[in-house]
Structure formats: structure tokens, C-alpha cells
Amino acid sequence: MSALKEIERAYTQHARDVYWYLMSLSHDEDLAEELTQETFFRAMRTMDRYDGSCKLSVWLCQIAKHLWYQWLDKRSRWQQVELTDEVPGQQSPEKSTLLYMEKTELYQAIHMLPEPMRELVHLRLTGEFTFAEIGRILGKSENWARTTFYRAKQKIMEEMERSK
């Protein structure tokens with residue numbers, strides 16, 4: 001089968017999963033669609049590197065994840081984070097700062113997790129995927145996803161306790 005036919009078949013079978021995976025990360029329909037298209041473009045260019053050692057959907061989601069990280073890296077270079085609220089009466093600058101620091105600490109603890117534990121936590125918390133869906137995305141069982149998520153929570157709590 002030609003590479004073009006393979007990528008067309010892969011797109012038909014997996015574009016929806018890749019899109020929803022990216023939606024879980026970005027919470028932005030336009031960005032998820034753009035990154036999905038870029039994922040399949042990159043997959044088409046590098047199809048010869050796919051060795052079949054994992055499911056095709058997992059390989060595509062890995063490409064998507066790397067594109068997401070690249071997008072975040074570019075955005076962080078150009079965007080400044082504001083720590084104060086612009087709407088009066090919602091939160092004080094002190095509360096906003098504390099919330100930001102707690103959130104930063106949580107994401108630092110998540111970042112310390114090994115893969116695929118880190119990815120599982122992102123899928124569960126930001127994408128609100130079920131354990132069955134996470135298992136399917138990562139090529140594992142629902143039970144594996146549940147157990148791994150529990151272990152990840154334990155590691156995150158330990159890391160946050162250590163950093164206090």
C-alpha cells in the first residue's frame with residue numbers, strides 16, 4: 001500500500017481520536033483542528049519511521065503531543081502571565097497570586113511524573129476523559145488507567161508535600 005493511501009486510511013480511522021486528544025490538552029477547537037492537521041502532515045512525512053511497535057493511534061497521539069508542547073513553548077515565549085484580575089470584586093491580587101502559585105506547584109509535580117503517567121493525568125484532569133477512553137488512547141486497559149492514575153495522584157501528593 002502506498003504511503004499516501006496509508007495516511008488517508010489512518011486519517012479516516014484516527015483523526016477524531018487525535019482531535020479529541022488535542023482538545024483535551026488545548027480546550028480550543030480551532031487550535032485542536034490546526035494541530036490535528038499538522039499531526040497528519042507530519043505523520044505523512046515520517047511514515048517510514050513508524051515501526052509498528054505500538055498502535056498507530058498511539059504513534060499519532062505522540063506526534064500530536066509533541067506539536068502541542070511546541071505550540072506551548074512558542075506561546076510562552078511571547079505571552080506574559082498576568083497575576084492580577086482585571087474584573088474588580090472577583091479576587092484580590094493576593095488570592096490570584098496564591099492560586100497561581102498553587103497551580104504552578106501542582107503542574108510542576110505533574111511534570112515530574114514519568115511518561116505515560118504524566119500524559120494520563122493530563123488526559124484525566126484537562127480532557128476529562130473516562131478511564132476507558134484513556135486506556136484506549138494510550139493502548140492500555142481501563143483498569144491500567146485507573147491504577148496508574150491512583151499511583152500518579154500519590155506521587156503528586158508526595159512531591160507537593162516535599163516541596164513545602
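In the predicted model, Trp71 is partly exposed, with a relative accessibility of 29%. Its partner in an aromatic pair is Trp68; the two rings are stacked, with 5.4 Å from centre to centre and 15 degrees between the planes. Planes under 30 degrees apart count as stacked, so the angle of 15 degrees places Trp68 and Trp71 in that class. Both residues belong to helix 3 (residues 56-78), where a spacing of three residues separates them by about one helical turn.

The order of elements from the N terminus is accordingly α-α-α-α-α-α-α. The chain has 164 residues, of which 34% count as buried. Its accessible surface comes to about 11,100 Å², and carbon and sulfur atoms account for 52% of that area. Of the contacts between residues at least 6 apart in sequence, 58% join residues at least 24 apart.

Four aromatic pairs are present in the structure. One of them joins Tyr11 and Phe40, whose ring centres lie 4.9 Å apart; the planes meet at 75 degrees, so the arrangement is edge-to-face. This pair links distant parts of the chain, with Tyr11 in helix 1 (residues 3-26) and Phe40 in helix 2 (residues 29-45), 29 residues apart.

The charged end of Arg124 sits over the ring of Phe131, at 4.0 Å from the ring centre. Arg124 also lies over the face of Phe149, in this case at 6.0 Å from the centre of the ring.

The salt bridges number six. In one of these, the side chains of Glu119 and Lys65 meet with an N to O distance of 3.8 Å. Glu119 is part of helix 5 (residues 117-125) and Lys65 is part of helix 3, so the bridge ties together parts that are 54 residues apart in sequence. Glu119 and Lys65 are both buried.

A further salt bridge forms between Glu115 and Arg118, with 2.9 Å between the closest N and O atoms. Glu115 is partly exposed, its relative accessible area being 32%. Arg118 has a relative accessible area of 16%, which is under 20%, and is therefore buried. Lys65, Glu115, Arg118 and Glu119 are linked in a network of salt bridges.

Glu142 and Arg146 form another salt bridge, in which the closest N and O atoms are 2.9 Å apart. Both residues lie in helix 7 (residues 142-163), and their spacing of four residues amounts to about one helical turn. Glu142 is partly exposed, with a relative accessibility of 37%. Arg146 is likewise partly exposed, with a relative accessible area of 41%.

Methods. Residues numbered from 1 in each chain as written. Predicted model: local features only at pLDDT ≥ 70, side-chain atom pairs only at ≥ 80, totals over all residues. Heavy atoms only, no water. Helix = DSSP H or I, 4+ residues; strand = E, 2+ residues; numbered from the N terminus. Buried < 20%, exposed > 50% of the residue type's maximum accessible area, 1.4 Å probe, protein only. Contact = heavy atoms within 4.5 Å. Areas by Shrake-Rupley, 256 points an atom, 1.4 Å probe, with all protein chains shown as cover. Phe/Tyr/Trp six-rings, centres within 6.5 Å; stacked < 30°, edge-to-face > 60°. Lys NZ or Arg CZ within 6 Å of the ring centre and 35° of its normal. Salt bridge = Lys/Arg side-chain N within 4 Å of Asp/Glu carboxyl O.
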